[in-house]
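Open the model in your viewer and keep the sequence panel beside it. The stops below say what to select next and what is there.

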Amino acid sequence: MNAVLAVRQYVSKMIEDSGPGMKVLLMDRETTGAVSVVYTQSEILQREVYLFERLDSPNREPMKHLKAICFLRPTKENVELLVQELRRPKYSVYFIYFSNVISKSDVKALAEADEQEVVAEVQEFYGDYIAVNPHVFSLNLLGCCRGRSWDPAQLTRTTQGLTALLLSLKKCPMIRYQLSSEPAKRLAECVKQVITKEYELFDFRRTEVPPLLLILDRSDDAITPLLNQWTYQAMVHELLGINNNRIDLSRVPGISKDLREVVLSAENDEFYANNMYLNFAEIGTNIKNLMEDFQRRKPKEQQKLESIADMKAFVENYPQFKKMSGTVSKHVTVVGELSRLVAERNLLEVSEVEQELACQSDHSSALQSVRRLLQSPRLSELDAARLVMLYALRYERHASSGLPALLEELRARGGSDRYRKLVSAVVEYGGKRVRGSDLFSPKDAVAITKQFLKGLKGIENVYTQHQPLLQETLDQLIKGKLKDSQYPYLGPNTLRDRPQDIIVFLIGGATYEEALAVFNLNRSNPGVRIVLGGTTIHNTRSFLEEVTAAGFRGRSTESSQIPPRSSRR
């Protein structure tokens, strides 16, 4: 199960099917993103695709010498634009691929518009999602719910994205969902409806153990997206932001023009592939080694190109050298900026307190630590609010809660009222009343023993103690111990055997910390393959936008104690 490979194979097939000759790739906003994360522009150029255009761009020139490969979402707008395009074709021939199921009536409309008979092919290729890593996919949707219910348009788009993933991986799964979440149940039903309606598409070869789709809700674990991260990929997203593998470095002091935006893709960047899950200390050492290796390979300034053989060797090695030079300067810049932000925002100290809040249960020590940090002028507004949010979630119902005092200290620091309101909004979104799981205390004797032993041994890395709730949920699932009463099956059938192919989907967004947990579970459980998806991939800022978009705006800080609310459970 490899999401990147699935979308890459679709793109390769489109290019192959269109035959030899110069081509234009015609896409929309979403399919542009889907293709750009799995194929570099230079790779596609090598395959005679010389032009990349958006279907909705108004001033495209007619180029009758080009074949058009169209890769589009089957939306009403795209079908209308294609109808107009086919009435007055700009290219010699059209190979049309929709990223999801297209209705018969839309195909008929296209056929009627094709009076000049320029359409050679219409097919469905299910690349209707962003393949972030081989085991991670996203739909790039922010704000999927209104309160505790789906936004109808987002539910439709999520159903399409999730069913496209299943089709591209050739899986017809059994479905389990989180009982405490109304949106999880609703999405499970919608996916099931599509599988039933399009049963011919989902008629894959049966495996001994059927695949499993597990649908979860972000509100069950609001802690994970609030934590600072210390592994490379997660840290880059938390501090700089990753958008379709692209990182905007334009705000970095003294940045050179060619590094204002860089691409981090494990498919085309060996250093990134080898380091994305390592912690920050290891990255520093590996960057140093990369630099030293680069220095060794650097062509000598005085290198004499006396013979044809010397010149040939230089020309052959130069592209590799140039590529390596680009890789070195990119990663040195990114790691340098991460280091600057860590120092400027005092993140080592901040993260230590975050981990204490997430993983320990000493209330007075935690309260003291948070209050001490709130006095620091180096603490950013976001980090100050984040600490109070974590405290509010952790000690929501503590008899001697210090939350009113902490909110008062946030006010005294100055800054916007938005963050103070967001403290109660986050508790409303993912507090104790809402959660179906016990987020903070270990669930069984084994987990309690593990935690006790961990306490005795001391912690190997104080900054990475936290494990997301998803890790425990999947661990229970793999062992066949995940409770049906909390995660029921949709329909009468249940799995008798332990699952092997698992697609887990988080409504409200996944995180790179969870992606790392899934990567480690895949490595440590031979025979089990897990793919993680989410409506988006969050960092703290985007998670707080998700909470706000859902309508949890919080109250002003005077009413810090949250009034009772009827639970949907």
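**Whole chain**

In the protein chain, 82% of the contacts with a separation of 6 or more are between residues 24 or more positions apart, a contact being heavy atoms within 4.5 Å. This is a predicted model, in which local features need pLDDT of at least 70 and side-chain atom pairs count only at pLDDT 80 or more, while totals for chains, interfaces and linings use all residues. Residues are numbered from 1 along each chain as its sequence is written, and side-chain values use heavy atoms, with hydrogens and water left out.

Colour by secondary structure: the protein chain has 20 helices and 18 strands. These are DSSP runs numbered from the N terminus, helices being H or I of at least four residues and strands E of at least two. Of the 569 residues, 51% are buried; buried means under 20% relative accessible area, with a 1.4 Å probe and protein chains only. Show the surface: the accessible area is about 27,200 Å², and 50% of it belongs to carbon and sulfur atoms. Such areas come from the Shrake-Rupley method with a 1.4 Å probe.

Select residues 23-27, strand E1, where five of the five residues are buried. Lys23, Leu25 and Met27 lie on one side, Val24 and Leu26 on the other, and both faces are covered. Lys23 is opposite Lys67 of E3.

Show the residues it touches beyond four places away in sequence: Leu26, Leu82, Tyr94, Phe95, Ile96 and Tyr97. Phe98 is 28 residues from Cys70 in sequence, with 7.9 Å between the C-alpha atoms.

**The nonpolar cores**

Which residues have the most contacts inside the largest nonpolar core? They are Ile215 and Leu474, in a core of 159 residues. A nonpolar core is a set of buried Ala, Val, Leu, Ile, Met, Phe, Trp, Tyr and Cys residues joined through side-chain atoms within 4.5 Å. Helix H14 supplies the largest share of this core, 10 residues. Apart from this core lies another, of 19 residues, including Val24, Leu66, Leu72 and Tyr91. Return to Ile215 and show its contacts, among them Leu162, Tyr177, Leu187, Phe505 and Ile507.

**Helix H16**

Select residues 417-430. At 1.5 Å a residue, the 14 residues of H16 should span 20 Å, and the end C-alpha atoms are 20 Å apart, which agrees; the expected span is 1.5 Å times one less than the number of residues. Since 11 of the 14 residues are buried, H16 is largely enclosed by the rest of the structure. Elements covering these buried residues include strand E11 (212-217), helix H14 (381-394), helix H15 (403-412) and helix H20 (540-549).

**A three-stranded sheet**

Last, select the open antiparallel sheet ordered E12-E13-E14. Strands E12 (242-243) and E14 (261-263) are at the edges with a single partner strand each, so one side of each has no neighbour in the sheet. E13 (residues 246-248) is joined to E14 by three bridges, and Asp248 is opposite Glu261.

Key. Buried means under 20% relative accessible area, exposed over 50%, partly exposed in between (1.4 Å probe, protein chains only). Two strands pair if DSSP finds at least two bridges between them.
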